[in-house]
Amino acid sequence: ARKMAEIAGDETPPLPSSSGAEESSLLSSPPSPTAISGDEPPPRTRKPGTKRLVLTASVLLSFLVGLPLLLKSTEIHRSPLPSDAIADLSRRLQSHPPSFPCGLHAVFLRSGPGSPVASLADQLERAISTQHHLLPASSTAGNISVSVTIQSGGGCTSSTAAASPWRCGLLTAADSVRDDEVFDELLHSALGGRDGDGMKVYTIVIAEDDDGKGTRVVIGKHRHAWVVGKVDEAEALSLIGNVFIKYFMNGGIEEGETGIGKGEFMPVGSDGNVVLSFSLLNADPNDWVYDWEFKNIGERILTPVVEALRPVADINIESQVLYHTPKSSYSYSDDKLGGNVLSMGDIPFFVNSNEWHLDTSISATGRSKVLQFVVYIPSARECPLYLQLPDGELSKTNAFISPMWGGVVIWNPPGCSVGSKKAHGTRRQMSSQELMETLEIFIGQLRQLFGLKPNYHAQGMDVATKFLVSEKGFAQWELDLLYRHHACSNLLSCVATLESLSSLVQSLPRMIVMDEIGRQVELSLEAASLAQRNATLGIGDSSAVSATRARALAEDAFFHPSIMSISYASVEHYFAIYME
Amino acid sequence: MMMPPSTARRLCFLSLLLLLLLLAAAASATADAAAAEEFTEELLLRPLPDRKALAHFHFRSSAPPASAAGRHHHLFPKAISQLVQKFHISELELSFTQGRWNYEQWGGYDPMSTNNAKPPGVELWAIFDLPLAEIDATWKNLTHTLSGLFCASINFLESSTAFSAPRWGFKLNEGNLRYGALPREAVCTENLTPWLKLLPCRDKAGIASLLYRPSVYKGYYHSQKLKLKSSQSLGIILDQTLTVVLQPNTVSGKQLHSTGGQLQPSWSMEHLFSKKLSGKCLVSKSSRVFVEIEKGIVDNVDKAGSDVSSNNDLFVLSTAPDRSLKELDNLEVQSSSLYEYDVNNYNSDKPLNVGITWKLPLIWSCTRAPYHASRFLMGSGNERGSIAMSFLSTGLDKQLVDSSNDCSIKAVVFQVVPWYVKVYYHSLEVFIDGNSKAISEVVDKIHVTPSEDKLLPGTMEMLLKFPCSMQLATLTLDFDKGFLHIDEYPPDANQGFDIPSALVSFPEFNSSRSYPEADPLFVSPLLENFKEDGVVKSYTEVLLVPLTTPDFSMPYNVITFTCTVLALYFGSLLNALRRRIGEEERGLKKAALVRELQFALLQSQSQMLRWSTIYFFCWI
């Protein structure tokens with residue numbers, strides 16, 4: 001500090017006073033003849049002296065020499081990101097959104113004798129093909145190849161299109177009077193008996209049967225449906241088109257309804273993991289305490305569902321029992337309905353986040369998703385508790401879902417009625433029958449959370465329609481639909497993430513980009529193109545798997561911990577730091 | 001001749017088979033019985049000699065070994081089970097403590113002080129069931145998980161400067177134990193709430209409902225602990241304990257001896273917790289309250305010639321107990337009396353409010369550890385100092401051991417010192433009753449891990465052997481104070497840095513208790529813990545070391561200093577290059593107007609320089 005003071009002290013006074021000395025030295029150094037002429041010196045005629053030029057140049061030079069050194073010392077590592085490839089992928093996805101080609105195979109089972117005419121099959125095929133302009137634009141289906149087989153007493157005739165898997169003569173129209181479940185399996189075996197890799201072919205069988213019961217449509221657990229009854233050709237064609245487009249392609253979601261492919265998010269973590277956490281909530285254990293045998297029954301029922309959804313998400317199942325967990329909304333007693341009623345408007349306040357310590361799971365690390373499924377057992381005071389729909393009706397399932405969060409089922413213990421006595425803390429077990437029923441509701445809720453319909457009503461179909469329920473919770477054609485949509489939405493989100501990462505890196509020239517990020521981006525791009533290739537081959541499940549992987553890698557790259565380092569600063573800030 | 005042995009052998013074989021079958025059946029039966037998750041809750045109350053009262057809550061949740069562990073649970077907390085599964089923990093103890101256990105007044109030679117007296121702040125240790133190479137990484141992940149689970153800064157134990165791996169000084173292990181302590185962690189309700197969340201009834205019902213926060217946190221000592229043990233054969237056993245020392249709030253209460261009886265206040269549960277106990281947690285297997293009357297009082301009652309019942313000459317318990325137990329210490333001498341209350345028999349209409357009323361003023365003292373250990377700092381200044389540890393005999397050894405010449409008492413010292421306190425272990429000096437002794441005479445075994453700057457803390461494990469006749473032993477160690485980087489200082493660095501408590505244990509003294517009269521069917525996890533082998537331990541004080549703190553405005557000073565130098569340099573350089581003062585002088589002579597202008601310019605320039613100087617001095 002003292003040194004500084006000296007400098008400052010020396011510097012401050014000389015300025016005005018030393019000008020004379022300065023002048024003399026300056027004047028003496030360049031020998032200027034004009035200086036001698038006294039009071040009126042003529043303006044300077046010569047160029048400034050070389051000394052001054054050298055001084056200026058040396059200062060400039062030292063700067064120029066120092067600059068590369070400075071830049072070298074402040075260099076940062078940036079792994080090159082394949083931004084061209086990202087842009088290319090994004091362009092490709094925009095111009096050709098992934099579309100899955102699939103096949104439609106119509107089988108006409110005729111009871112009459114004689115061999116069918118070959119030209120009829122081709123004619124029907126053309127007729128069906130013309131209907132596909134009905135397909136809504138949002139569908140993920142690509143090219144549809146149509147084939148027709150006609151079977152009658154004398155044999156089968158197929159249209160010219162590819163070899164059909166139909167095993168001729170294994171099944172006749174008469175079989176359709178059997179039990180639907182049985183017929184479904186028969187049909188499955190008649191069609192080759194496997195769910196097949198490669199392009200998915202949906203089969204619709206028209207079984208002509210004149211039993212006078214009228215026409216009905218049954219949609220099976222696999223990729224087929226059948227129509228039983230006396231239908232003429234035009235009616236059959238319209239039914240085929242209807243069933244195929246409405247259910248097999250769109251999952252029964254109408255225009256304007258929310259559901260799969262209608263901007264709904266999939267409740268799957270960005271790393272492809274989902275934890276299903278089941279909780280049994282005893283609102284007031286002073287009244288009664290219920291326990292459940294979830295480990296055996298729950299696992300048994302849910303394992304097929306978990307297996308079926310594996311291409312979409314890796315699902316873990318957990319369960320727990322909690323006590324002293326009152327709800328946080330009010331219900332009112334309704335004598336007419338014989339219980340306490342919770343109206344629709346109170347549902348948003350039902351979940352009591354203060355007292356329901358549902359907890360996230362340790363196994364749900366990072367960016368995976370937890371879906372909570374809650375069984376709420378009301379206390380004696382509020383039992384039985386019903387959910388009232390806006391139209392005044394009571395909810396059939398007594399359950400509701402909250403998108404992206406999970407679902408709640410209100411379970412009234414058996415024998416609870418208004419004014420029922422407290423059981424004083426007796427511990428009981430939820431019977432396996434009741435647990436299974438509850439789990440079925442949960443599977444319905446899971447379907448809904450994944451964007452499918454919890455159950456189907458034959459809306460919009462002018463004939464009776466029946467849906468066979470798979471023990472997997474999801475029919476094969478529904479799973480196809482899920483895989484397709486999952487692959488598409490994951491691909492789009494992967495590309496969006498990669499694009500924002502690329503533009504972020506480009507907009508911040510001072511950002512450090514680790515090699516690992518570059519590698520993750522490359523792997524993500526690879527997985528994305530694999531998903532696209534599988535999509536063009538019509539392999540929905542492998543496409544979904546690759547798309548999930550692509551998205552997970554893209555998110556890993558975007559949320560890499562090193563991205564949060566401090567070198568985010570602008571250029572001005574950077575200069576300020578290094579000026580120190 | 002041949003037949004009898006053969007038949008005998010066959011018979012023997014058959015009976016063996018039968019026995020095996022029976023055993024298998026019994027095993028499967030016990031497996032069935034043990035296959036359920038269980039929860040028990042217990043509370044122990046004890047009057048303390050210094051007018052205070054001790055309350056010790058003990059909750060045990062156990063989960064049987066099962067394939068579904070961590071996924072399907074009924075009573076056991078899912079989070080803990082998943083923690084054990086994920087980090088392969090075989091033992092873990094985490095304690096949050098506020099205040100210091102008073103070993104002189106509250107006991108130093110009983111299971112309570114041995115197991116439940118903990119150092120202030122957070123202490124965490126864990127034994128992992130993992131290959132040694134993976135343990136450090138697992139420990140780091142574990143600290144982060146616990147930090148999230150308990151809403152505390154346990155994640156500060158992640159850094160390798162914060163934890164150590166003692167081999168025998170803390171607990172004998174095979175190198176798979178990690179120990180860390182945060183002496184400055186403040187403990188409050190935000191740590192209690194997640195701890196309560198692990199109980200099936202939380203604080204909504206049962207014994208935990210007594211935990212009225214204002215009275216609990218008003219206490220003198222408060223230690224909340226979570227201890228878990230896990231093994232393939234036993235499953236997971238989670239013990240949650242909360243030990244509080246409270247001042248009974250009896251100001252408005254009726255005093256039996258209003259003048260002379262001020263020695264001991266009579267109190268009840270309501271005075272301690274502002275609440276009565278109205279029933280148990282419904283899912284608990286057993287729910288009990290114990291009142292423990294210490295040996296000091298029992299001896300007094302015996303002296304008074306009365307029977308140690310719940311109503312005797314000295315005191316009366318407000319509620320008649322369901323059972324009373326005699327407690328024997330490890331030398332089979334009666335140490336204290338326990339009175340048990342089964343909370344099952346009480347409900348909201350008939351709440352339990354156990355209390356003690358003194359009939360006579362009474363003075364008694366608790367049993368103490370053989371030595372009172374304390375630790376303090378010596379020296380002054382910011383450069384160096386020394387740590388001293390003193391062991392003051394409490395006279396216990398006189399009663400226990402015959403004072404022959406070669407008799408000695410062992411003590412194990414374990415202490416961890418952060419790297420910035422650079423201890424010179426060679427400077428260890430030992431003084432016994434004021435006389436300097438050779439190290440080899442006193443130190444039996446020593447294991448030191450020296451600290452490494454910004455990498456490792458210094459760990460010292462030491463087995464000492466004191467002669468029985470010794471009154472006072474002092475150990476000193478010199479240290480230098482290190483310098484930290486400016487970023488490494490915590491907020492309020494001038495307060496000083498805490499060195500975690502050292503642990504002193506006396507391996508020859510065991511605080512385990514036994515209950516010979518207890519019914520074999522009477523299972524109490526709290527008393528089971530008391531029965532366990534417990535080496536007498538005591539924690540020393542936390543040390544506060546002031547370190548040199550830098551002037552935290554220094555970086556700004558440097559910036560302004562450099563900027564001023566640069567400004568002066570460039571200013572004068574530009575001045576020299578741009579201006580031609582000689583010509584200007586001549587110009588001034590020519591035109592007065594120009595001169596005036598020039599003057600103004602110079603003025604402003606000098607003004608500028610003056611300002612920059614002033615600015616600079618301001619910063620200095």
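In which strand of chain B is the place of P467(B)? In this predicted model, P467(B) belongs to strand β21 of chain B, which covers residues 458–467. With a relative accessible area of 29%, P467(B) is partly exposed. Setting aside residues up to four places away in sequence, P467(B) touches Y371(B), C407(B), S408(B) and I432(B). S95(B), by contrast, lies 372 residues from P467(B) in sequence, and the C-alpha atoms of P467(B) and S95(B) are 34 Å apart in space.

Chain B contains 14 helices and 26 strands, and 50% of its 620 residues are buried. Of the contacts in chain B with a separation of 6 or more, 76% are between residues 24 or more positions apart. Chain A, for its part, has 14 helices and 17 strands. Buried residues account for 49% of the 580 residues in chain A. Contacts in chain A between residues at least 6 apart in sequence join residues at least 24 apart in 77% of cases.

Chain A can next be read domain by domain. The domain assignment gives domain 1 as residues 83–87 + 480–573, domain 2 as 100–259 + 456–472 and domain 3 as 275–450. How far apart are the centres of domain 1 of chain A and domain 3 of chain A? Taken over C-alpha atoms, the separation is 37 Å. These two domains do meet: 10 residues of domain 1 of chain A are in contact with six residues of domain 3 of chain A.

The size of an interface is often given as the accessible area lost when the parts come together. For domain 1 and domain 3 of chain A, about 670 Å² is buried between them, with 63% of that area on carbon and sulfur atoms. Three residues stand out on the domain 1 side: L482(A), Y483(A) and H486(A) supply 59% of the area that domain 1 of chain A buries against domain 3 of chain A, more than any other three residues.

The polar side of this interface can be described as well. One salt bridge is counted between domain 1 of chain A and domain 3 of chain A. D556(A) and R367(A) form a salt bridge in which the closest N and O atoms are 2.1 Å apart. Three residue pairs are found in polar contact across the interface of domain 1 and domain 3 of chain A, with both residues at pLDDT 80 or more. On the side of domain 1 that touches domain 3, the elements giving two or more residues are α11 (476–507) and α13 (540–558) of chain A. Of these helices, α13(A) provides the largest share, six residues. By class, this side of domain 1 of chain A is made up of five nonpolar, two polar and three charged residues.

Over all chains, a search of the whole structure finds 37 salt bridges. In chain A, one of them joins E307(A) to R310(A), with the closest N and O atoms 3.1 Å apart. Both partners are partly exposed: E307(A) has a relative accessible area of 46%, and R310(A) one of 38%.

E294(B) pairs with R46(B), the closest N and O atoms being 3.8 Å apart. Because E294(B) lies in the loop between β10 (286–293) and α8 (295–303) of chain B while R46(B) is in strand β1 (residues 38–47), the pair ties together parts that are 248 residues apart in sequence.

D203(B) sits in the loop between α5 (189–197) and α6 (213–217) of chain B, whereas R213(B) is in helix α6, 10 residues away. D203(B) is partly exposed, with a relative accessible area of 24%, and R213(B) is likewise partly exposed, at 22%. Finally, which residues of chain B are linked in a network of salt bridges? The network consists of E42(B), R288(B), R323(B) and E340(B).

Definitions and conventions
Residues are numbered from 1 along each chain as its sequence is written. Chains are lettered from A and ligands numbered from 1 in the order in which they are written. This is a predicted model: local features need pLDDT of at least 70, side-chain atom pairs count only at pLDDT 80 or more; totals for chains, interfaces and linings use all residues. Side-chain values use heavy atoms; hydrogens and water are left out. Domain bounds come from an automatic or database domain assignment. Contact means heavy atoms within 4.5 Å. Buried area is the accessible area (1.4 Å probe) that two parts lose on being put together, summed over both. A salt bridge is a side-chain nitrogen of Lys or Arg within 4 Å of a carboxyl oxygen of Asp or Glu. A polar contact is a pair of N or O atoms within 3.5 Å; within protein, one must be able to donate a hydrogen and the other to accept it, and residues adjacent in sequence count only if both atoms are side-chain atoms. Helices (H or I, at least four residues) and strands (E, at least two) are DSSP runs, numbered from the N terminus. Ala, Val, Leu, Ile, Met, Phe, Trp, Tyr, Cys and Pro count as nonpolar, Asp, Glu, Lys and Arg as charged, and the others, Gly among them, as polar. Buried means under 20% relative accessible area, exposed over 50%, partly exposed in between (1.4 Å probe, protein chains only).
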